[in-house]
Structure formats: structure tokens, C-alpha cells
Amino acid sequence: MEILGLLYDGFLIALQPLNITVVIIGVVVGLFIGAMPGLGSVNGVAILLPMTFLVPPTSAIIFLAALYYGAMYGGAISSIMLGIPGASTAVATTFDGRPLALKGLADKALITAAVASFIGGTVSVILFTGFAPPLANIALDFGDHEIFALMLVAFATFVGLSGDDIPKTIFSICIGLVFSAVGLDIMSGEPRLVFFDIIGFMHGINFLVLAIGIYGIGEMMWTIENNRGDSAMSKAVLTLNGFMDSIRDIGRTWIAWTTGSFLGFFVGILPAAGATPGSLMAYGVAKMTSKDSDNFGKGEVAGVVAPESANNSASTGALLPMLTLGIPGSPTTAILLGGMVIWGLVPGPLLFVEQKEFVWGLIASLYVANLFSLLINVAFIPLFLWVLKMPFTILAPIIFVLSLVGGYSPTQDMHDVWLMLIFGVGAYLMRKLDYPLAPAVLAIVLGPIAEPALRQSLLISNGDFSVFFTRPISGPIMVIAIILLIMPALKPLKNKFFAKGEGKKTS
Amino acid sequence: MRRAEIVTASLMALFSVYLMWKSAELPIGWITDEGPGGGAFSFWLSAVMLICCIWTMFNWYHRSTPPSKSKDPFMDAFALRMFLLVGGAVTIMIGLVHFIGMYGSIPLFLLFYLRFLGGHSWVATILISLAAPIIIFFFFDVALRIVLPKGYLEPLFYPLYSIFL
């Protein structure tokens, strides 16, 4: 019952005129960013974070969270209308959303996607409200050992679950951590890794410089290269009858959105997993459990509803470890976490004790953002369709300009802008060679937390690494991290085993 | 693609060695009563980076990863042209900030990009090129009080400062 009281206080904050305004702006911007192919929530949050210095921290994070939500809704629009996922999280929505649009049922696909997003979002926020306080309570007892062990799990999931090239993933993690170490060594006060004695490195490498470089410049170049040629857009005619028909379809596909919502939430909690695999898994499960699974891929409403409820649910799930443990579950939440540090908040369980207004205001704003996303999305479908026709050659230069200004404003140093350009170009070239970049962003945000935790723990234990394994909570966490790290090593063995098995069958 | 893979891995390996050497400027061993030295964390991470680069080279040699097998060019003519034009334009924009400030370089960049890369009409081009710096000025310089660099154009802004700041 205490939670309901806190949630009520949170609503009082979320419903303040300023916060309602930022939610609406955030949702609109997010819908727009999500709908544009090549732009996702992470690009929006990275590029627009410096703009939020205008409002108080609580409103700033409410804005970014609303943008994050809106982008999840918006991703479906281009998946359905163009057949190009608006963001990687909306890939699974193309499987059935596109065929529906080709059949002339684009309006049905758009409306069911929006309503399913709303259901997924709402279920996950309710789960979040229930899970977050007890988890934060447990996490209050965590010391340096546990914090370091948790970081290791976050990084290990990238190695174990992301499916990217393993040495390149580890490389990406390490380079992010090394970049986070540039500047003054917090424990001894000595300058370190000041490359070529350039003064600009003395204040360290701001995570935004790397994040904007990767997501504002690198990804834009990548999108420019990959968006060659125009794609045909479907037509959507909205009628009241069509709307009521879509609502009946939502009722019919309740199994798909229930599994999508719950699956998405729990997959979203895992770092490195998140909304993309969550929505793909939800699609798979919906197909498996459906009575007419043959219709999947040909324009089945359940195939739109399942991934859309899952990706919204996962985006809330990813906020859970970020707020309660201080460990982000995705690059977007990593940037939000970095933003909280800039605003002077210490991420982690203490937030729930010391910054109740902030935490509950944010949670309540998620409910509000969800409702507005649905309303704005459905009401302005024609407007978003018009936006989709906007050529990328207008959007791209504006994003480059925003990256320039956004890269300059946190430190007000041109050195950082040049560094951002180098990171952007580097990220573009390395991405072409399958180097994953999200781990580096996560690492540069977590580095300043992970390093002191490691050094303090080792100082207490006198350099003995076994403390991480012998302490009651950090021990099991470390075991999980190690299992995740060696999982990819077991994969070839498993493949070999199965290959042999199949070989026998055929012979 | 195959050549780009090995070149990148080698460059990154060199970079890792540089980082190790740079980290070693601070103590990387154990200091009594202080714990690990200030350079230890980055030194060992750079060492892991080096191992990963060698691992990538090993994969390259065995052609076991997609980029090491691919026969596609790392950049085809279109990609190279886009990369040079877009990357070059952004670089020049940032370089010009030092001379004519953000409010000089941003309109020039937008003008070039919209008109010559995008092929948009002069009306749209000029409208966006003028609107963007005005919005940015009111957002950053006025509302956020983050004074963006103006370069040699600074004197032109004195009247604006006296009105808005």
C-alpha cells in the first residue's frame, strides 16, 4: 500500500503543467524519431540530452523517457508503411505489418500496433512499479564487491547473448572502459592517459562525446550509405468502422499481447538483450502458440500485436536495472544513466531513498507518457505518414548540426567536438567490419563506477581476487557472469555435437 | 573487406600497445595501503584489447568471420563518394567554427548539404539554413546561457547580446 501512496505523489509531480508539456513534446519527438528509418530512441536520447539542461532534472528525464517511449511506438509506423523497420526494435513488426499494408489493411496494422504498444507499455509499467522498490531495497545492501560483480554481468551478457563477434565485443567493452579512465585518476589525483599532452584530455572524455559521435555522426553516415533508392509507401485510409474492427482484432489476439508484454519485460531487464530480441522472441512464441500459424508472415494481426507489445514492454524493463541497481540494460538507458550523473543524481538503489520525488515522478510519468503516445499516435497517423515522406537529405544535415551543438554544450570545448567527429568516423568504419558499438557506450558510462568499485574491493582484500567469489551475494553474481562469458565457447561444441547427430540421421 | 579487416585489427593492436605504454606512465603495480596503482585498470584493459586484436587476426587468417570471408569491397564507389562528401562537409563545418563561429559555419553547411547533396529547391534550402541558426541561438545562447563560439563574427552579436542576454 505504501507503493500506491508513493505512486500517487509521483502522479502529482508527473501531472504538473511543465512535466505534462515535456511529456507531450517528448512523445511527439519520439514518435517522429522512431518513425524515421535509421533513427531510434538511442539516437534521439543521445543527440537531445544536451538540450534538456533547460529544465530541472526530473523534467529532463521525464522528457527523455517520453521520447524513449514515443520512439517505440513510432518504430512500427515505417515498418508497416515502408516495410523498413523504423528502428531495430521494430524489425519483427515488418514480418506481418508489411503484408497487412500490402493487402490494403495498413490502417488496421497501424491501429493494432499502437494499441498493442499501449498494452505492453502499461503491463510493464505496472510490473515495474511492483518490482522496482523491493529490488532497490535488496540492492541497498550491495557493497563495492557486488557492484563490480553486477557490472561484470552487464558486460558478460554482451559477450554471451548478443551474438556479435566475440573478440570484437570484448574489444568494444575494453576501449569504452579505457576511454572512461582518461583524465584525472580519482583516487590518486594524478592525470593519466592525457594523449599527446593535449589539455582537452585532462577533463576526461565525456560519455556524450562518444555517444553523439556514434549515434549522431557514425550512424547517420551508415544510414546515408544504406538508404539508397526510394521505397514505395502504402496508402492508409482511416475510418471509424476500420477502427472498431481493429479493436475487435485486439480482443481476439489477447494471447499474443499477453505473452508479448510479459516476455518483453523480462527480456528487457537483461543487459544486451532488450527490445529487439524481446520482440523477435514474442513473435516466435505468438506464431508457435497460434492456431493458424500458417497465416504468420502473410498479414496476421497477432504477428503485429506480439512484437509491438513486447518492444514497449522491454523498454520499460530496461529501466528497471538502471534505476534500481545503476546498471543500464541498453545503450539508451546507459545514456539516461550518464545524464543522471550530469544532473547530479547518483544512480542506484539510494535514489529510492534519497530522491523519492525524482523516482516516483519518473515512474508516474511513464503511465502518462504511455497514454499520450497512444492518443497522439492514433490521432496523428496522417501527419506521421506525411513526415515519412520527408527525404533523409533534410533530416541528416539537421542531425549533424544538432550533433555539433550538442557535442559542444556539455563541456563548451571545441576539443570535444573534434573528438566526437573522430569517434563518429571511427564508429562508422568499424561498424562496417561488424564491431558492435553499444558495449563501448555502456562501458564509458559504467567505467567511472566500475573502476573505483574494483579498486576499493581489492584494497580491502589486499589484492585478493577471491573475495568476489566468497561474499554471499557477489559470489553467485560472479558465477553467472562467468557462465555468460564461457557460453559462446560452448556453442561450437554444441554445434559439433548436433552436426554429428544429424549426420547419423542422414547416413 | 578482407584487407580492411586486417588493417583495422593491426591499427587497433598498435593503438592498444600505445594505450598500455601510456597507462604505464602511472604505477601499474600494487601500492601498499593504496591498492592497485592509477594505471593498472587501463593497462590491463588495453592488454585485453591487444589480445582481442590478435584473436581477430587469428579469425582473419582462418577466414572464420563474415568480414574476413567477404569478397565485397569495403566501400564501393557510392559509399566512398558519400563518405568523402558528407564526412568532408562535417569536418569543414567543424573547422570553420574556429574562424567564423557556429553561426557562420552552420548555415554554410546546411546550404551546401541541402542544395548540392540533397538537391532541394533554393527556397527550402535558404529557409532551413536561416531558421536553424536562429532557433539554435535562442535555445542555447539565450535560454540555456551556453554561449556558442562566434569566431571573428563576434562583434556582429553585440547588439543581440544587449537585447537578449
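Okay, quick definition before anything else: I call a residue buried if 20 or more other C-beta atoms lie within 10 Å of its own. Keep that in mind, and keep in mind that what we're looking at is a predicted model.

So, let's begin with one residue, A:Leu49. Buried or exposed? It has 26 other C-beta atoms within 10 Å, so by that cut-off A:Leu49 is buried. You'll find A:Leu49 in a loop of chain A, the one between helix 3 (41-48) and helix 4 (57-81). What does A:Leu49 touch, leaving out residues up to four places away in sequence? The answer is A:Leu64, A:Leu208, A:Ile335 and A:Gly339. And if you want a sense of distance, take A:Met72: it sits 23 residues from A:Leu49 in sequence, and the two C-alpha atoms are 18 Å apart in space.

Now step back to chain A as a whole. We have 23 helices and 2 strands here. The C-alpha trace spans about 70 × 65 × 55 Å along its principal axes. For 507 residues, you'd expect a compact globule to have a radius of gyration near 23 Å, and chain A comes out at 23 Å, so that agrees. Buried residues account for 59% of the 507. And if you take contacts in chain A between residues at least 6 apart in sequence, 79% of those join residues at least 24 apart.

Remember, an α-helix has 3.6 residues a turn, so residues three or four places apart point the same way.

Last stop, chain B. The contact takes 52 residues from chain A and 59 residues from chain B. On the chain A side, helices 8 (166-181), 9 (207-226), 19 (392-408), 20 (414-432) and 21 (438-461) each supply at least two residues. That side of chain A divides into 36 nonpolar, 5 polar and 11 charged residues.

That's my tour, thanks.

Methods
Residues are numbered from 1 along each chain as its sequence is written. Chains are lettered from A and ligands numbered from 1 in the order in which they are written. This is a predicted model: local features need pLDDT of at least 70, side-chain atom pairs count only at pLDDT 80 or more; totals for chains, interfaces and linings use all residues. Helices (H or I, at least four residues) and strands (E, at least two) are DSSP runs, numbered from the N terminus. A residue is buried if 20 or more other C-beta atoms lie within 10 Å of its own, exposed if 12 or fewer, and partly exposed in between; C-beta atoms are placed from the backbone. Two residues are in contact if their C-beta atoms, placed from the backbone, lie within 7 Å. Ala, Val, Leu, Ile, Met, Phe, Trp, Tyr, Cys and Pro count as nonpolar, Asp, Glu, Lys and Arg as charged, and the others, Gly among them, as polar. The radius of gyration is taken over C-alpha atoms; the globule rule is 2.2 Å times the number of residues to the power 0.38.
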